[in-house]
Amino acid sequence: MIQSFAFVLSACAAFCFAFCFTPHTISANSVSGWNPSHLNSQINPNTAEVESLIRLPDIGFSRADAIVEYRSSFAESNNNESAFSTPEDLQNIKGIGPKTVQNMSHLLKFE
């Protein structure tokens with residue numbers, strides 16, 4: 001009986017060690033939640049909803065929400081003009097810099 005218990009215990013320990021020390025294939029994109037295959041077409045930051053904007057690289061919920069708020073306030077104070085005409089215009093949003101714009105500029109369209 002003790003030998004059976006020891007065998008079961010050692011088998012469980014071997015399984016745990018094998019599972020814990022096996023290299024897992026997790027890419028940086030799957031950790032950050034961004035995957036370029038999620039984008040079927042380009043996104044217009046002047047009209048896109050928060051749900052669409054968060055699919056862009058380095059744009060989370062708070063930055064996407066900031067984009068929507070910025071363009072709303074911009075339109076109110078500028079006779080309904082579009083807030084963004086080039087990717088660089090997104091740098092007016094706190095937390096979006098040149099590197100972020102460079103990473104996502106090919107995924108944006110402006111109409």
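Where does Asp58 sit, in a helix or in a loop? Asp58 belongs to the loop between α3 and α4. Keep in mind that this is a predicted model, in which local features need pLDDT of at least 70, side-chain atom pairs count only at pLDDT 80 or more, and totals for chains, interfaces and linings use all residues. Residues are numbered from 1 along each chain as its sequence is written, and side-chain values use heavy atoms, with hydrogens and water left out. Here's the rundown, by topic.

**Overall make-up**

- The protein has five helices and zero strands, where helices (H or I, at least four residues) and strands (E, at least two) are DSSP runs numbered from the N terminus.
- Going along the sequence, you get the pattern α-α-α-α-α.
- Of its 111 residues, 26% count as buried; buried means under 20% relative accessible area, exposed means over 50%, and partly exposed is in between (1.4 Å probe, protein chains only).
- Take the contacts with a separation of 6 or more: residues 24 or more positions apart account for 46% of them. A contact here means heavy atoms within 4.5 Å.

**Confidence**

- Mean pLDDT is 81, and 68% of the residues reach 70 or more; pLDDT is the predictor's confidence in each residue, from 0 to 100.
- Over residues 24–35 the pLDDT is below 50, and this stretch has nine contacts in the model beyond near neighbours in sequence.

**Nonpolar core**

- The largest nonpolar core has 18 residues, and the ones touching the most other members are Leu53, Leu56, Ile67, Leu90, Ile96 and Met104. Such a core is a set of buried Ala, Val, Leu, Ile, Met, Phe, Trp, Tyr and Cys residues joined through side-chain atoms within 4.5 Å.
- Helices α3 (50–53), α4 (61–77) and α5 (98–104) each put in at least two residues of this core.
- Helix α4 gives the largest share, three residues.
- Leaving out residues up to four places away in sequence, Leu90 touches Pro45, Ile67, Phe84, Ile96, Val101, Met104 and Leu108.
- As a rule, nonpolar side chains in soluble globular proteins tend to be buried together.

**Aromatic rings**

- Searching the whole structure turns up two aromatic pairs. Rings of Phe, Tyr and Trp (its six-membered ring) pair if their centres lie within 6.5 Å; planes under 30 degrees apart count as stacked, over 60 as edge-to-face and the rest as tilted.
- Tyr70, Phe74 and Phe84 are linked into a cluster by ring pairs.

- Asp58 isn't a glycine, yet its phi is positive, at about 65°.
- With a relative accessible area of 43%, Asp58 is partly exposed.
- Thr100 is in helix α5, and Thr100 counts as buried because its relative accessible area is 11%.
- Asp58 is among the residues that Thr100 touches, along with Pro57, Ile59 and Gly95, not counting residues up to four places away in sequence.

**The loop between α4 and α5**

- Asn79 is found in this loop between α4 and α5, with a positive phi near 50° in a residue other than glycine.
- Asn79 has a relative accessible area of 73%, so it's exposed.
- Glu81 is also placed in the loop between α4 and α5, and a relative accessible area of 49% makes Glu81 partly exposed.
- Setting aside residues up to four places away in sequence, Glu81 touches Phe74 and Ala75.
- From Glu81 to Arg71, ten residues apart in sequence, the C-alpha to C-alpha distance is 9.0 Å.
- Glu88 has its place in the loop between α4 and α5 too, and Glu88 is partly exposed at 47% relative accessibility.
- Glu88 and Pro98 are ten residues apart along the chain, and their C-alpha atoms are separated by 7.4 Å.

**Ser52 in α3**

- Ser52 is placed in helix α3, and at a relative accessible area of 24% Ser52 is partly exposed.
- Ser52 and Ala64 are 8.5 Å apart in space, C-alpha to C-alpha, and twelve residues apart in sequence.
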